[in-house]
Every structure is written in structure tokens, then in C-alpha cells.
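Please read the points below with the model open beside you.

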Amino acid sequence: MRLGKITQAAWNRSVRKPLKKKQCTVGKMAWEQKCAELEQQIQRTEQSQKTEQDQKTEQDQKIETGRMTVWSTASAGGKNANVGAYAVIKAAGELASQKVMAEGVSIHAILPEQMQEEDVKHLTDIVGELCKKMNLEICQIQVETSSFVTQMVVTATAVGEKESTAIREQEMTVAGQELLLCGYAGLEGTLHILDESEEELGTRFVPAFLEKAKLLREKLVLPDQIRSVKEQVSDIRQIGSGGILAALWELGEELQTGFDIDFSKIALKQETVEICEFYQLNPYLMTSAGSFLLVTGQSEEVIACLAEQGVSAVRLGCMKDQNARVIKNGEETRYLDRPAADELARWWKEHA
């Protein structure tokens, strides 16, 4: 395709038309309307609160909640059109980590010059299907080609609303609560590798194994699947770059606490284990958007609710009122190290 933004005709054929078939709304006006609607909601809420606060005591006002618009941006790159889906899942997942449901998403795709219009259509189809499943309004899609990139780079910006509960959150303590893993460590990174290197993996694994691995996309946890437990958890963290070990470190830093976990409880899919062994990668250091760490004092209820949503969750251990971040593996006990580089990024560097 030519450099720069794709033509209006190509956009209509390969973006608007496929999304229209999926009954997805897309376009600049839709994005502007969404923002305007959110601003109007905020103004109405603020006016309502002002009226109510006139009748409340000063102490009541301190715990009054407002509403705010929240944005999250995430990017994914690769040669396979599934990168669009990974970017959307990451962006919406980051909002879910703030207990916010994404309402709309804007997509910006930069493609290498050698890609064709059919690639744009394929990307649109995948993103449209996912957003329909997630009940996300596609507010805007921009597509352009550039000589600066050698593979697709897709950036997704998700938007939603949340209650402002800063005072209550500051008073919250998590010591003694349980730490759960919702989803599977290293799964997103495994799917990236499968997308990009299926032919090479075919030299080691039989077709049935690879087809089964592709179906694991259904095991990526979507924000609406953890919506039912957001009131029962103290903290949610999506497992992003650096894998579950980085996510554990970041969680401890944010909450200013330690924990004691059983390393053997970390859930891995066998396909992840075998593909990582093939490339000599550490799955515990591999990006896994679509998987979450949950801190809760109601683990039984949370695990049961997630199971009803078709989501697997396991107990890893307990949060502690201490600085030590202890990891036990059988008879071995060690302390969590600072985050290391993401294994998928290393894989890309070696296989670019």
C-alpha cells in the first residue's frame, strides 16, 4: 500500500464495511459523541453531588464518591493480525485492574509498506469480532503505512468511568488476604509466538498440538468475566510485560507489603511449557495480558464466581504485613527478585 493514511475508499472497503456487517459502530463522530456523553454524565453527577453535599455534614462529605473518566493505552506488535486483539485486551484489562469496565476503544494501526489492503480487512475482522464479544464500542480506527516499521504496530486506547474512592482506598489494608491467579501465566506470550512462528513450531510439534494451542485464545480472561468479583477484591493487577514475577513485584511495591506464595501453584498450560522449552524461554517472565492477580479476603466466593464465568483461578498464597516477598517451591525458599526483561521481547530480538 502507499505510504501514509490509507485512502478513504480503502478505509470504507476494509474497515467500515466489515465492522458494519458485525453491527459495530465506528467513526470519528462516534468517538466525539462518546467523549461528550461521558463529560455530560460527569457534569450531571457533580451537580447532583453538590446539591446533596449541602445537606450533609463535613464528615459525610469526606467519603462522598464522585465519578471520573479513565483512559488506558496499550500497544502490540507483530506480523500476524491478532496483534490488534492483544492490544485491545491489554488496554481494557488495564482499566479492569482499576475496577473500570471499558465502554469504548480507539484503534491506531501502523503497517509496513509491503502489507496489502487484505491485511487491513483481516485486522479489522479480528478486532471487530473481539469488541463485539466484549461489548465495546469501536469509536475510531486509523490505519496508515510507514517505512519506519517492519511489522504491524497496533495501539488501542480504551475509555470508561470509575467512582473516585481515593480516601477509602488509602485506608484499606490487605495483610492477611489471599492472593489469587486468574488465568494462566505466559499465555499471551505463547499465543504471540504461535502466531508468528507456526511453521517453525511445526518442525517439532504435530498439527493437532498446534491446533489445540490456538484454541487457548479462549482462555484469555476478558474484563467482563471478572466484573462479577470486583466488589469482592481489594486489588486487581493485569499480568503484563515481564510476566507474573514482574506483576508480583509491582503489586508488592504498589501496596507496600510483602507476601508468601507457593511457586508450584502458578497455573501454566502444557502448551506454554512445551513451546517455551522449544525456544528456551522462561514462561514466568513472559507477558500475559488477559491474566490477573487478585487480592481478596473472600477467596472461596471469588473462585466460585469466576468458575461460573468459565474462568480458572487458583490460590497462590497470602499477603503479609512485612517487606519480605517470599516464594516457596517445595523445600526451597527464596525471595522475589526485581523484574527482569520480558522473555517475549527477547524472543523477538532473536527471531526478528
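1. Which helices each supply at least two residues of the lining of the second largest pocket? They are α4 (83-96) and α5 (117-133). Keep in mind that this is a predicted model. Of these helices, α5 gives the most to the lining, with four residues.

2. The second largest pocket has a volume of about 380 Å³. Its lining is made up of 16 residues, and A85, L130, K133, R217 and E218 are the closest to the pocket centre. By type, the lining divides into eight nonpolar, two polar and six charged residues.

3. Now turn to the aromatic residues. The structure holds six aromatic pairs. One of them joins F205 and F278: the ring centres are 6.0 Å apart and the planes stand at 65°, and because an angle over 60 degrees counts as edge-to-face, this pair is placed in that class. F205 lies in the loop between α8 (198-201) and α9 (207-214), while F278 belongs to helix α11 (residues 270-279), so the pair ties together parts that are 73 residues apart in sequence.

4. Are the two partners buried or exposed, or in between? F205 has a relative accessible area of 8% and is buried.

5. Y279 and W347 form another edge-to-face pair, with 5.7 Å from centre to centre and 80° between the planes. Y279 lies in helix α11 and W347 in helix α13 (residues 343-351), so this pair ties together parts that are 68 residues apart in sequence. Both Y279 and W347 are buried.

6. S197 is found in the loop between α7 and α8. With a relative accessibility of 9%, S197 counts as buried.

7. Helix α7 (residues 187-196) has 10 of its 10 residues buried, so this helix is largely enclosed by the rest of the structure. The buried residues of α7 include the charged residues E188, D195 and E196. L187, L191, I193 and L194 are also among the buried residues of α7.

8. Two arginines are placed over aromatic rings. The charged end of R325 sits over the ring of W249, at 4.9 Å from the ring centre. R334 lies over the face of F263, and here the distance to the ring centre is 5.9 Å.

9. Last, the chain as a whole. The protein chain has 13 helices and 12 strands. Of its 352 residues, 50% are buried. Among contacts with a separation of 6 or more, 87% are between residues 24 or more positions apart.

Key: Residues numbered from 1 in each chain as written. Predicted model: local features only at pLDDT ≥ 70, side-chain atom pairs only at ≥ 80, totals over all residues. Heavy atoms only, no water. Phe/Tyr/Trp six-rings, centres within 6.5 Å; stacked < 30°, edge-to-face > 60°. Buried < 20%, exposed > 50% of the residue type's maximum accessible area, 1.4 Å probe, protein only. Lys NZ or Arg CZ within 6 Å of the ring centre and 35° of its normal. 1 Å grid on protein atoms, 1.4 Å probe; cavity = no way out; pocket = protein on both sides within 12 Å on 5 of 7 lines; lining within 4 Å. Points joined across faces, edges and corners; volume = space filled by probe spheres on them. Contact = heavy atoms within 4.5 Å.
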